[in-house]
Amino acid sequence: MSVIKDENKLISTIKRVDQKIDKLNDQKIIAFFEALGLTEREDIPKNFLEWETILIVVPDRHISHELKYYKYSIARLSFVTNPNAQEIHVFDFNEWKNVTRNKTQFQIREMLKTTFGGVRDHSDRLN
């Protein structure tokens, strides 16, 4: 005998509430991207709401620290600092996981020089 009177009703109610929460979270993500000016940029993928988790690559720790609050208040956002990036970039987090799997920190740092927003500065080689 179950403690729950109508388990099917409970499960369907929970699913409906979860769908509403997901829609509200999507609105939070859109508002966040608008506040950062990302929705106006051509290089930002338009299908970011379809991703399970959105990876936001920021160019320095100051920006990362400034945006830290939103990491905890908006679900489905993850942040990575890439000092080789010139601006904020957006990627599918699953892509990040696939590329960084089984890599050392050194390999990831080297990879960030040319990918995930990284633009290698060739002027440092000239000196």
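A salt bridge is counted where a side-chain nitrogen of Lys or Arg lies within 4 Å of a carboxyl oxygen of Asp or Glu. In this predicted model, that rule gives a count of three salt bridges. One of them joins the side chains of glutamate 87 and arginine 41, at 3.6 Å from N to O. The protein chain has 127 residues, of which 31% are buried.

**Overall architecture**

- Five helices and three strands make up the secondary structure of the protein chain.
- Along the sequence, these elements follow the order α-β-α-β-β-α-α-α.

**Strands β1 and β2**

- Strand β1, residues 54-58, pairs with β2 in the parallel sense, and five bridges connect the two.
- Within this pairing, valine 58 has threonine 81 of β2 as its bridge partner.
- Strand β2 spans residues 77-81 and is mostly covered, with four of its five residues buried.

**The salt-bridge network around arginine 41**

- Salt bridges link Arg41, Asp43 and Glu87 in a network.
- The contact between glutamate 87 and arginine 41 has an N to O distance of 3.6 Å. This pair brings together distant parts of the chain, 46 residues apart: glutamate 87 belongs to the loop between β2 and β3 (89-92), and arginine 41 to the loop between α1 and β1.
- Arginine 41 also forms a salt bridge with aspartate 43, and their closest N and O atoms are 2.8 Å apart.
- Arginine 41 is classed as buried because its relative accessible area is 17%, under the 20% limit.
- Its two partners are partly exposed: aspartate 43 has a relative accessible area of 44%, and glutamate 87 has one of 36%.

**The salt bridge between arginine 76 and aspartate 26**

- The side chains of arginine 76 and aspartate 26 meet in a salt bridge of 2.6 Å, N to O. These residues are 50 positions apart and link distant parts of the chain, with arginine 76 in the loop between α2 (61-73) and β2, and aspartate 26 in helix α1.
- Arginine 76 has a relative accessible area of 23%, so this residue counts as partly exposed.

- A nonpolar surface patch is formed by Val3, Ile4, Leu10 and Ile14, which together have about 380 Å² of accessible area.
- Isoleucine 14 lies in helix α1, which covers residues 7-36; this residue is partly exposed, at 44% relative accessibility.
- A patch of positive charge on the surface gathers Lys9, Arg16, Lys20 and Lys23.
- Arginine 16 is likewise found in helix α1, and with a relative accessible area of 46% this arginine is partly exposed.

Conventions:
Residues are numbered from 1 along each chain as its sequence is written. This is a predicted model: local features need pLDDT of at least 70, side-chain atom pairs count only at pLDDT 80 or more; totals for chains, interfaces and linings use all residues. Side-chain values use heavy atoms; hydrogens and water are left out. Patches are made of residues with over 30% relative accessible area and no salt bridge: like charges are joined within 9 Å, nonpolar side chains (Val, Leu, Ile, Met, Phe, Trp, Tyr) within 5 Å. Accessible areas come from the Shrake-Rupley method with a 1.4 Å probe; for residues, only the protein chains shown count as cover. Buried means under 20% relative accessible area, exposed over 50%, partly exposed in between (1.4 Å probe, protein chains only). Lys and Arg count as positive and Asp and Glu as negative; His and the chain ends are not counted. The place of a charge is taken as NZ of Lys, CZ of Arg, CG of Asp or CD of Glu. Two strands pair if DSSP finds at least two bridges between them.
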